[in-house]
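The sequence and the structure are shown first, and the description follows.

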Amino acid sequence: MPDGAAPVLDVRGLKTVFRTRSGEVHAVNHVSFSLQKGELLGVVGESGSGKSVTMMSLVGLLPQPPAEVRGGQVLLDGRDLLKISLPELQDIRGARVGFVFQDPMTSLNPVFKVGDQIMEPLLRHMGLTKAQARTRAIELLELVGIPDAAARMSSYPHQFSGGMRQRVMIAIALACDPDVLIADEPTTALDVTIQAQILELVKELRQKLGMAIVWITHDLGVIAGIADRVMVMYGGQVVEQGRVAEVFKHPAHPYTRALLKTVPALHGARADRLMAIEGQPPILMAEPSSCPFAARCAHVHDRCRVENPQRRDLNPGHDVACHWEAPHA
Amino acid sequence: MLTFTLRRLLLAIPTLLAISLVIFLLVDLAPGSPMSEIPLTVPPDVRQRMIEAMGADQPVFVRYVLWLRQFFWVEPAQVINHWFGTDFAAGEQRILSWQSRSPVFTVIGQRLPQTLTVIGTAYLVGILIALPIGIYSAYRQYSVFDQLGTLFAMIGFSVPTFFSGTLFIIIFAVWLGWFPTKYDTMMEVTDWESFLKQLRQMALPVLTLGLANAATISRYMRSSMLENMVQDYVRTARAKGMREKTVVLKHVLRNSLIPVVTVIALGIPSIFGGAIITENLFGVNGIGAALILAIHASDLPMVQTLAFIFAVLIVVFNLIADILYGLLDPRIRYD
C-alpha cells in the first residue's frame, strides 16, 4: 500500500485452498496487504471469511494437507516466506512472528509448567542459558501483568484463569521480541472486562516494544479502539482497506456498511431492532468469478454476478473491491 | 497424593477380603474331589482318612478362616524367616497343595521366575515395539507405514497365540532350525554361553506373546497420539518455532502417554497370571501351567491362593495406574 517506508510484512496475491473429499475450497483468494513497522492492522469479517486462514498461511501453520498455499508472496523484510524451507520457517516462527490464538483455555500445553512454556522459544531462538531464559521469562510475565511472576513460573496452565492464560500466551508470543505479532481473535473467548484488560495491555505493550500487530476480530468496537488501519475480508478476499477513521466514516463496500450497521448504538435514538446481514457467507468450491457478496448485497447489479471486482483506490490508502460507486466515497 | 494412596490402600483391605471370600466360595462350589487323581485301587476308608488329614472334610467357613490366617500370618512369617533367619510362626501349618503336599508358596516360588522371565520379557518387548509404531503411525496417518501398522495390529489381534506360536515353531525351529522347539525349564544360566542359549530358547515364546501385546498397545498409542495431534497447544508449539521433533516427541507424546501408561500398568497383572496357552505350547513350566494342573486335580488351596494373588495384583496395579495418572497429568490431583 502506498505508505512511504518499506513495510515489515508485505503479502501479495496470497492464495490458499483446502482439499476436501467434495472438492477444493478456495479459502483465501489473492489477498494482498502490507504492514508498516509498529502499525496495528485490524482484520474484520464474519466467521469463514478467511481471516485466520490468511494469517496462518503466512508462516505455514495450517495443516498440510488438507491446506495448500498455492500462490503469492509473503515478504518479511523482503524475504519470501513461501519459498524458504521448513527449518528456516521454524527459525522465523516465534522469533520474528509471534502468535496469540483465540482460545487461551486450550492453547497452552496442560502438562508443562507455564514457565517452561515461556522459556521454550527463548532457549530455541535466543541462544540463552537456562538461567538467563528463566530471568527473561519472569520479566515477560511481569510485563504482561502477572503478579508474583517468579512464583507463578512453576504453575500449570489449569491453575490460571482464562485472562491470565491469555496474558501468558502474549508473553510467549512476545518472548523473542518479534517484528510482527499476529493476534487471532485473542479476546473472543474472554468475558468483557477481561477483554478490556487485554486490549489495554496490548496497547501499552505496543508503545513499549514497538512491534507491528495484526489483530483479527469480528468486533468492530475493538478495531475502532486500537487499530490504525482496518482490512475488511469477505469470502476469502479483501473487500475494503483503509485508515480506521476513514473507513468508519466513509465505508465504500456494501458489506462494510452493513457490518457497521450491525453494531448497536449506545447514544441517540434507540433503534427498533439490531441490524443483521441476511444470508450466509459463501463456501467457495471454485475461484469466484462473480462478487462473493453479490447474493447478500443491497446494491447488487448485473455486472456483480459476472465479474469479481478488483480492488481499486478511492483515496490514497483507502481501497475497495466493488463495482458500485458508494455515494460518499 | 500420600493421603490418597493411604486411603486407597485402606480401602483395598475390605475389597480384597470380599474378593477372597467370593473366590473361596466359588472354587468350593466347583465339582470334583481332591481324590480324583488318586488311583482307584486305594480303598475308600483310606481315601476318607486322606481327606480328613488334609482337612478337606471341614466346613467351608472353617477352611476359609484357617486359610486367611495362613495367607496373612503364617506365609508372610515364613518369608520374614527366610530373609532374616528369624523364627516366627514356627510349627504353624502352611498352605499346603492337596496335590503335591508341599507348601503352595514353594510351588509358586519355583514357577514364578519362569513366567516372569518369559512373559515379562514378552510384555516389555511388546511395549518397545508398540510405542514407536503407534507414534509414527499417528504422525503419518494414512501413510504406507500407517497402513502396514494397522495390518500388523489386525493380525496381532485376530491370530490366536496357539496358531502364531505353532507357526513360529514350524518356521523358525523346524524349518530354519534357529531356535529350539521347547523351552528347557531346568536350564541354569551360569556363563555367557548358557545365557545365549537361554536367549535363544526364550525367543519364540517372547516373539509370540510380544506381537500380540504390541498389537493392542500400538493401537492405544496411535489413537491417543491422533487425538492430541490436533489440539490447540500443538499449534502453539509450532507457532513458537519448535522443531517437529520437539512438537511431536515432547508436546504431543507427553500428553498421549497418559492413557497409554495407564493401560500398560493395568496389563501388568496379566504377566503374573501367565499366558496359559503360550506356556503350554512352548513347555514353559510357569504359573499358568501350575494353575491348570491344580484345577484338573481339584487342588483347591492352590487354585484359591493363586486366584487371590492375581486379585491382589489387580488391585495393586489399579492403584499404581491411578497414581501414575496423577503424576503424569498435573490437572489430576487426588488431595
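## An enclosed strand in chain A

In strand S10 (residues 237-243) of chain A, 6 of the 7 residues are buried, so the strand is largely enclosed by the rest of the structure. A residue is buried if 20 or more other C-beta atoms, placed from the backbone, lie within 10 Å of its own. Strands (E, at least two residues) and helices (H or I, at least four) are DSSP runs, numbered from the N terminus.

Strand S9 (residues 229-234) of chain A pairs with S10(A) in the antiparallel sense over 6 bridges; pairing requires that DSSP find at least two bridges between two strands. Met231(A) has Gln241(A) in S10(A) as its bridge partner. The hairpin formed by S9(A) and S10(A) has 2 residues between the strands, and Gly235(A) in the turn has a positive phi of about 55 degrees. S10(A) is also joined by 2 bridges to strand S12 (residues 318-320) of chain A, in an antiparallel arrangement. There, Glu240(A) has Val320(A) in S12(A) as its bridge partner.

## Basis of the model

The model is predicted: local features need pLDDT of at least 70 and side-chain atom pairs count only at pLDDT 80 or more, while totals for chains, interfaces and linings use all residues. Residues are numbered from 1 along each chain as its sequence is written, and chains are lettered from A and ligands numbered from 1 in the order in which they are written.

Beyond its neighbours within four places in sequence, Ile118(A) is in contact (C-beta atoms, placed from the backbone, within 7 Å) with residues including Ala137(A), Leu140(A) and Val168(A).

## Helices of chain B

Tyr233(B), Val234(B), Ala237(B) and Arg238(B) in H8(B) meet Val247(B), His251(B) and Val252(B) in H9(B). By contrast, helix H2 (residues 44-54) of chain B is hardly covered, with 0 buried residues among its 11. Gly55(B), which follows H2(B), has a positive phi near 80 degrees.

## Where the chains meet

Chain A brings 23 residues to the contact and chain B brings 18 residues. On the side of chain A that touches chain B, H4(A) supplies the largest share, 4 residues.

Note on methods. Two residues are in contact if their C-beta atoms, placed from the backbone, lie within 7 Å. A residue is buried if 20 or more other C-beta atoms lie within 10 Å of its own, exposed if 12 or fewer, and partly exposed in between; C-beta atoms are placed from the backbone.
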